[in-house]
Amino acid sequence: MDLLAKLEAIAQRHARMKALGGDAVGVVNEKILSPTRAIIDGRETILAGTNNYMGITFDAECIAAGQKALAEFGTGTTGSRIANGSYALHTELEREFARFLGRKHCIVFSTGYQANLGMMSGLAGPRDTIYLDADSHSSIYDGCTLSGAKLVRFRHNDAADLDKRLSRAEEDGGGKLVVLEGIYSMMGDRAPLADFIAVKKKHGFQLLVDEAHSFGVLGPHGRGLADEAGLEDDVDFVVGTFSKSVGAIGGFGAGDHPYFEYLRFAMRPYMFTASSSPASIATSIAAIRKLAAEPQRRRKLAENSARLFEGFKALGLELGCAEASPVVAVRCPDEPSTIAMWNALLKAGVYVNIALPPGTPNKLCLLRCSVSAAHSGADLDRIIELFGAVVAQGHGKKVVNG
């Protein structure tokens with residue numbers, strides 16, 4: 001049997017998408033003009049689906065830091081830190097992140113995906129149980145699988161459901177790790193952290209919060225949801241990525257446990273992956289210092305997020321959650337109508353993410369926008385205007401396959 005025969009259904013689905021217009025999962029940015037502009041299909045396009053929350057990718061100091069590291073340290077590390085040793089830049093970045101997060105320890109990974117693979121599999125093992133919000137990112141699910149731990153899902157953002165499941169498992173041996181996200185990447189909603197911490201005080205588990213989409217974004221210091229809620233002391237471990245607010249490639253895990261540093265020798269994704277390139281590490285160092293020094297970026301992002309959220313609400317669009325966040329998801333009736341709407345928006349000059357099952361909660365079809373601090377008011381008003389025009393043309397209505 002052909003090993004790739006199982007991909008036939010995917011190929012057919014992709015062909016149907018392309019028959020409706022452009023390739024929504026294969027967009028090529030022919031030229032990046034700024035954090036909020038690119039040339040796509042020969043047209044200047046507003047970027048509203050990049051996760052570039054702080055708009056930091058073209059910052060002159062970050063670019064200069066990357067260029068300097070490239071000249072001084074070369075293009076790559078050619079091996080893992082366990083095998084080849086660390087560059088001074090790696091340890092400097094870990095110190096900067098630990099300081100920014102107010103944590104004793106930080107470990108840097110080559111990607112955000114690997115940060116979740118490493119942290120889940122390092123913290124929990126076959127004798128342990130991981131309690132996981134059902135809407136968690138696929139990298140978290142994959143890390144749980146790699147850990148070999150028992151996996152128990154609880155209903156999304158439902159602390160009472162977690163409490164119930166923990167009560168049923170009081171006699172289970174091993175450790176218990178509960179995993180939440182600060183901002184959920186598809187719908188843009190936050191975890192009700194205080195409710196979950198009340199359950200933690202009752203049952204005594206250890207808590208990890210993935211701040212990938214909330215790091216740099218939420219809280220008076222930009223440390224994420226736990227910072228915003230004033231509950232950082234009740235969170236045992238934090239994980240996140242450089243590919244959003246930091247504008248680079250990489251990930252991190254942080255905590256205060258006295259054995260935290262020994263995770264380096266227990267996480268296969270860390271041990272057996274080449275460490276991040278010097279240029280990427282150097283730009284991340286510059287970016288984290290800039291985020292600490294420029295809180296106005298967070299304020300601008302909050303203003304922009306509210307502007308887009310309220311504009312979409314005024315259009316009568318069905319949104320992913322009830323409060324403004326840098327992730328603004330628009331619910332669509334079905335896959336064909338979602339693809340049609342995405343095509344119309346791109347032709348009109350705005351790029352957003354298309355999100356379809358199985359990558360979405362509850363089999364929803366979404367058009368997902370991510371707001372940047374670099375968006376101007378005119379950018380946001382244009383995005384709102386174009387969504388309104390596309391809906392008025394009937395693209396948001398359900399399409400029935402004939």
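Predicted model: local features only at pLDDT ≥ 70, side-chain atom pairs only at ≥ 80, totals over all residues.
Is Glu385 buried, exposed or partly exposed?

Residues are numbered from 1 along each chain as its sequence is written, and side-chain values use heavy atoms, leaving out hydrogens and water.

First, the overall picture. The protein chain has 14 helices and 14 strands; these are DSSP runs numbered from the N terminus, with helices being H or I of at least four residues and strands E of at least two. Its radius of gyration is 21 Å, close to the 21 Å from the globule rule for 402 residues, so the chain is as compact as a globular protein of that length. That radius is taken over C-alpha atoms, and the rule is 2.2 Å times the number of residues to the power 0.38. Of the 402 residues, 55% are buried. Here buried means under 20% relative accessible area, exposed means over 50%, and partly exposed is in between, using a 1.4 Å probe and protein chains only.

Now to the salt bridges, meaning a side-chain nitrogen of Lys or Arg within 4 Å of a carboxyl oxygen of Asp or Glu. By this rule there are 26 of them.

Take Asp59 and Arg297, whose side chains meet at 3.4 Å, N to O. Asp59 sits in the loop between strand 3 and helix 2, and Arg297 in helix 12, 238 residues apart. Both of these residues are buried. They also belong to a salt-bridge network with Glu61, Lys290 and Glu294.

Next come Glu323 and Arg190, a salt bridge of 3.5 Å, N to O. Glu323 is in the loop between helix 12 and strand 11, and Arg190 in the loop between strand 7 and helix 8, so this pair ties together parts 133 residues apart in sequence. Glu323 is partly exposed, with a relative accessible area of 37%, whereas Arg190 counts as buried at 16%.

Glu385 is partly exposed, with a relative accessible area of 47%. Its salt-bridge partner is Arg382, at 3.1 Å, N to O. Arg382 is partly exposed too, at 33%.
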